[in-house]
Amino acid sequence: MGDLFHFTILIDWGTERIRWTLDGEIDSLPNVVAFSKASPDPVAVGEEALRMLKDRPELEKAVPPPGILFADPEAMTALFAEIMQRACLLVPWNRRLLKPKVLASVPLGTTKLETRGFCQVLKTQAQSVILCEAPMAAALGAGYGETDAPFGMLDIGAGTMQVAVAAQGGLAHTVFRRDSIEGIHSFVEAFAKERRKMAPRILETLRRDGIRMTGGRTNVPEFVKSLSDLLEFPVHPAQTPEHAVCRGLLELAKDCKTLWKR
């Protein structure tokens, strides 16, 4: 995806895994970096870091805190450099002449400080960066196109829980919590408060059609059933839920000329 002299990379930067795609085939690596106590420079990232940490106990492990997008700029820069190196192997030489463009998703509750730091990391090797809200990208990836009809998206990963209810083409209700295990009860309570604010038409639609769920935790059926009971709405797993955000980013990136006209 791109033109003759650059490519566009689409990134879903998760707490446990980072997923990305260029033209539809989704790749990923663990969100982990190995450091040596003797040097501030990373020793290894991703799968190689996990192997080295197992074999060399003197190394230190850098992983993001649950639900925190931007915590360690050195680790994130090393991970992004690895992603770019892998991506460059997939495109012809002429599309590497200019720096790539990046379209990346961010959780609903991302702070301005986190967003700014995340953009700075991406801009170390990108000519321009656009960020979008993860639930809306997930909605596109789960099959929701442009519609005024209400629908609900629930995304639960290793570090965040977020639900977004869309109506009339925009977000009408949102709930976000960090730490998807410890924060489950807080999340359910916040959603219950938000549910009381929903219009009858939205409530009727969600009770009938349910909420589509994406994210890595979707692959645990017992967890999905428990959430459905707690939220008092049917919860339906999306197809290959861990890839929904990347699929949605691909849909967004189809209209490249409009997307990058800024």
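The questions below go from the sheets to the helices and then to the pocket.

Author: This is a predicted model, in which local features need pLDDT of at least 70 and side-chain atom pairs count only at pLDDT 80 or more, while totals for chains, interfaces and linings use all residues. Residues are numbered from 1 along each chain as its sequence is written, and side-chain values use heavy atoms, with hydrogens and water left out.

Reader: Which strands are at the edges of the open sheet of five strands?

Author: Helices (H or I, at least four residues) and strands (E, at least two) are DSSP runs numbered from the N terminus, and two strands pair if DSSP finds at least two bridges between them. The five strands follow the order β3-β2-β1-β7-β8, with mixed pairing. Pairing on one side only marks the edge strands, which are β3 (26-30) and β8 (128-133).

Reader: What angle does the direction of helix α2 make with that of β1?

Author: Axes here are lines fitted to C-alpha atoms, for helices over the stretch in contact, and angles run from 0 to 180 degrees between N-to-C directions; contact means heavy atoms within 4.5 Å. Helix α2 (residues 73-88) packs on the five-stranded sheet, where it touches β1 (8-13), β2, β3 and β7 (101-106). Between the directions of α2 and β1 the angle is about 140°.

Reader: Why is one side of β5 and of β6 left without a neighbour in the sheet?

Author: The open sheet of three strands has the order β5-β4-β6 and antiparallel pairing. One side of each is left without a neighbour because β5 (39-45) and β6 (60-62) stand at the edges, each with a single partner strand.

Reader: Which residue in β5 is the bridge partner of V33?

Author: Strand β4, residues 33-36, and β5 are joined in the antiparallel sense by four bridges. For V33, the bridge partner in β5 is V45.

Reader: Within what arc do the buried residues of α7 fall?

Author: In helix α7, residues 221-231, V224, L227, S228 and L231 are buried, and what covers them includes β9, β10, α5 (184-195), β12 (211-214) and β13 (235-237). Seen down the axis of α7, these residues line one face of the helix, because they fall within an arc of 100°.

Reader: Which residue in β13 is the bridge partner of R212?

Author: Strands β9 and β12 run parallel and are joined by four bridges, with D155 opposite T214 in β12. Strands β12 and β13 pair in the parallel sense over three bridges. The bridge partner of R212 in β13 is H236.

Reader: Which residues are closest to the centre of the largest pocket?

Author: On a 1 Å grid over the protein atoms alone, a pocket is an open set of points where a 1.4 Å probe fits, with protein on both sides within 12 Å along at least five of seven lines, and lining residues have an atom within 4 Å of a point. The largest pocket has a volume of about 500 Å³, the volume being the space filled by probe spheres set on the points, which are joined across faces, edges and corners. At least two residues of the lining come from each of β1, β2, β7, β9 (151-156) and β10 (160-167). Of the 30 lining residues, the closest to the centre are D12, G14, T15, G157 and A158.

Methods:
Buried < 20%, exposed > 50% of the residue type's maximum accessible area, 1.4 Å probe, protein only. Arc of directions from axis to C-beta.
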